Amino acid sequence: MSAGQRRIFSGIQPTGRKHLGNYIGAIRQYVEGQEASDETAGEVAIYCIVDLHAVTVAYDPAELRERVHDTTAILIAAGLDPERCVLFRQGDVREHTELCWLLGGVTAWGDLNRMHQWKTKREQIEQQTGAFVSAGLFNYPILQAADVLAYRATEVPVGDDQRQHIELMREIARRFNERFGETLVVPEHRIPGVGARIMDLQDPTSKMSTTAGGESGRVYVLEEPDGIRKKFRSAVTDSGREVRRAGPGGGKEGIENLIEILCVVRGIGPEQVEAEFEGSGYGDFKAAVGDAVAEYLAPVRERYAALRADPAELERTLAAGAEKAAALAAPVLADVRDAMGVAAPR
Ligand code: AQP
């Protein structure tokens, strides 16, 4: 990899039930990153299904494998081409776990302890019966840092909820370089200008989430069109009538969320949405957004069905991706080991 060369990395959790927020905030950007990478210039977009992150909360081992296949099929159905990007399963590339341990030496305990995601997830788990909060959940951001830093990635496309974790991984890379010499690349966030934080349809002050909120607040990528339309029809708005943005504290978070979703799905700006729906009332607007989202996701759902029916092919794709990923990460790990003085010298 030479100076100034672009290298994209992002990871996604293996859940079969990816929601519209994941799609708009992350998956859509993955495809754009793949399209924008210039292979002839040695640029590469690397996407990883993070099964090792999934083991930090309660899970079923057999189901985890299934969910990895679900997510792989969703990503390919959304437009990732395993020939043009590196698409693989985190657990297949051992460099991630090794680097996670090594980076633990330059990660401050206090930094991990102030991560919003750690605090929220920990609280969520503690409210459940038989609560068990794993050390893995606490260390999650170090593994996330290792995922990215193992590839000397320059950009990390993620939604707004990952802002704090990306800041921490940048701090870890900087601290490593200060302590052991210039070895790692300090990556930049790539948070989309529109759609970085899609909100829950029933509670538009909270992000649409896989684990928080109820079923009616989130729309799944693979959901049937009728279900999607129904959820948008019952989206929570406000007592007004005008389809327009009011800004922070303006009390129109629900409408703003729907405007943002329509902007992404139709590829237009918010002014256009406001002009088109001027005086139309919320009912018609919500129905139009539901129709547009159903239409937007339908081709993904159709392609998914064909891809998911062939798990052996999905496994072959992941294995080929892991080989490419390991070839990129192994030399970085060798540099890290040397810089830190661990293991036998090269
Ligand atoms: N509501 C959202 N709007 C925009 N982007 C979002 N992302 C998540 N929620 C929204 C982005 O989706 C990417 C993949 O996320 P993930 O599957 O790894 O899980 P996550 O970040 O933990 O978010 P989830 O799926 O909603 O799960 P929980 O409930 O655990 O928080 C990430 O880039 C994320 O930013």
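Me: How many residues of domain 1 are in contact with how many residues of domain 2?
Reply: In this predicted model, the domain assignment gives domain 1 as residues 7-190 together with 310-340, and domain 2 as residues 215-305. The centres of the two domains, taken over C-alpha atoms, are separated by 30 Å. Counting contacts as heavy atoms within 4.5 Å, the two sides that touch are 13 residues of domain 1 and 15 residues of domain 2.

Me: Which residues of domain 1 lose the most area to domain 2?
Reply: Between them, domain 1 and domain 2 bury about 1300 Å², and 72% of this area is on carbon and sulfur atoms. On the side of domain 1, three residues together account for 42% of what that side buries, and they are Leu 20, Tyr 23 and Ala 77.

Me: Which residues form the salt bridge whose N to O distance is 3.6 Å?
Reply: Across the interface of domain 1 and domain 2 the rule finds one salt bridge. A salt bridge here needs a side-chain nitrogen of Lys or Arg within 4 Å of a carboxyl oxygen of Asp or Glu. The pair whose side chains meet at 3.6 Å, N to O, is Glu 215 and Arg 17.

Me: Which element gives the most residues to the side of domain 1 that touches domain 2?
Reply: Between the two domains, five residue pairs are in polar contact, with both residues at pLDDT 80 or more. The elements that give two or more residues to this side of domain 1 are helix 1 (20-36) and helix 3 (61-78). The one that gives the most, with five residues, is helix 3.

Me: How far apart in sequence are the parts that Arg 17 and Glu 215 tie together?
Reply: The structure holds 36 salt bridges, and one of them joins the side chains of Arg 17 and Glu 215. Arg 17 lies in the loop between strand 1 (7-12) and helix 1, whereas Glu 215 lies in the loop between strand 5 (188-190) and helix 9 (225-233), so the pair ties together parts whose separation in sequence is 198 residues.

Me: Which residue has a polar side-chain atom 2.6 Å from an oxygen atom of the ligand?
Reply: Around the ligand there are 22 residues, of which Lys 121, Asp 161, Ser 209, Thr 210 and Thr 211 come nearest. A polar side-chain atom of Asn 22 lies 3.0 Å from a ligand oxygen atom, while Ile 198 places a backbone N or O atom 2.8 Å from a ligand nitrogen atom. The residue whose polar side-chain atom lies 2.6 Å from an oxygen atom of the ligand is Ser 209.

Conventions
Residues are numbered from 1 along each chain as its sequence is written. This is a predicted model: local features need pLDDT of at least 70, side-chain atom pairs count only at pLDDT 80 or more; totals for chains, interfaces and linings use all residues. Side-chain values use heavy atoms; hydrogens and water are left out. Domain bounds come from an automatic or database domain assignment. Buried area is the accessible area (1.4 Å probe) that two parts lose on being put together, summed over both. A polar contact is a pair of N or O atoms within 3.5 Å; within protein, one must be able to donate a hydrogen and the other to accept it, and residues adjacent in sequence count only if both atoms are side-chain atoms. Helices (H or I, at least four residues) and strands (E, at least two) are DSSP runs, numbered from the N terminus. A residue is near a molecule or strand if one of its heavy atoms lies within 4 Å of it.
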